[in-house]
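Please open the structure in your viewer and keep the selection tool at hand. The tour below goes from one selection to the next and says what to look for at each.

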Amino acid sequence: MAQPITTLSEFIIEREKDFPFASGDLSQLLTSIRLAAKLVNREVNKAGLVNEILGETEQHSVNVQGEKQQKLDVYANERFINAMRNQGAVCGVASEENDAHIVFDHPVSAGGKYVVAMDPLDGSSNIDVNVSIGTIFSIYRRLNDAEVTVEDFLQPGSAQVAAGYVVYGSSTMLVYTTGNGVNGFTLDPSIGVFCLSHPNMRIPENGSIYSVNEGNYFDFPEQARNYIDACKKKKMSARYIGSLVADFHRNLLKGGIYMYPGTTAKPEGKLRLVYEANPLALLIEQAGGAATDGKQRILDIKPGKLHQRTPLFIGSKAMVEEAMRR
Ligand code: P6P
């Protein structure tokens, strides 16, 4: 007899009961993210076919990071912001693609309980070469009922209400947590529905995969170099896609560690604390793994700036702890 299908919508409603005082706002927010993910998925899947969506924006614009904005970056950013703008649960959004946070002034949203920080399309330089890319999102309760300020987005990662990612790969998956475990949903394109495919995801305690850009090896701190040497001596498998969400997702399923250490030129590393490291750190801890900056737990760091960077060691607990001891 065929297994019953649980859709993301059904799951969200079912799990709402885990929060006795839930008003349904978080469910509504997750539903908006689901819609935007479907719209982005549609464009990602045809990027190779439709030139106007491929490549850099006409204006050759760059984002706050000084990175060339790909057209899909801009499209994804707009889709996610618009999906959350007028649905009432969200009062503000911060994005890798925007210098400052955005406050939703629509009367429906002004009273929204949540703020969302996101990387709408991480790894977008891989779009033109057909490599998996992803969306990463982080959800906080607003600090107070006064105006939304950047402080609402600078809460430590441990204060996140929910976090998740969408990986646009051989299949498209939405993986998220609301603090009660991690669950993965695969999009069935034939019916346009995310279906529960990976209930209660747990990362193996240990693993034999390490993900790092070894091109930076000689610029890494000694601790990172020592750990990478140990991985090689143990004949581990080096797997580095160059797309954080794809590398993270594989390691979550198979076990492993992803590292983006600081370098002599960039001691803070490349990845962003607020909308990359924090959401993935919440997910990995909820799945039984660990995430540090090489010294301290990512979720304990108090962000000082919206786009601040952090070194990142994330994955199987035994591997992250071993890397810390080096
Ligand atoms: P490098 C993509 O630009 C990204 O932010 C992550 O998705 C990826 O893991 C990393 O940067 C790749 O950076 O310096 O190794 O090319």
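Select Asp247 and show what surrounds it: leaving aside residues up to four places away in sequence, Asp247 touches Ser211, Arg239, Tyr240, Ile241, Gly242 and Tyr258, where contact means heavy atoms within 4.5 Å. Residues are numbered from 1 along each chain as its sequence is written, and the model is a predicted one, in which local features need pLDDT of at least 70 and side-chain atom pairs count only at pLDDT 80 or more, while totals for chains, interfaces and linings use all residues. Side-chain values use heavy atoms, with hydrogens and water left out.

Is Asp247 buried or exposed? Asp247 counts as buried because its relative accessibility is 0%; buried means under 20% relative accessible area and exposed over 50%, with partly exposed in between (1.4 Å probe, protein chains only). Asp247 lies in helix α6, residues 244–254, and its side chain reaches the backbone nitrogen of Gly242 at 3.4 Å.

Next, select helix α5, residues 222–233, whose 12 residues should span 16 Å at 1.5 Å a residue, which agrees with its end C-alpha atoms being 16 Å apart; the expected span is 1.5 Å times one less than the number of residues. Within α5, colour Gln223, Ala224, Tyr227, Ile228, Ala230 and Cys231, which are buried. They cover an arc of only 155 degrees around the axis, so they lie on the same side of α5, whereas Glu222 and Lys233, on the other side, are exposed.

Finally, select Lys235, which follows α5 and has a positive phi, near 55 degrees.

Technical notes
Helix = DSSP H or I, 4+ residues; strand = E, 2+ residues; numbered from the N terminus. Arc of directions from axis to C-beta. Polar contact = N/O pair within 3.5 Å; in protein donor to acceptor, adjacent residues only side chain to side chain.
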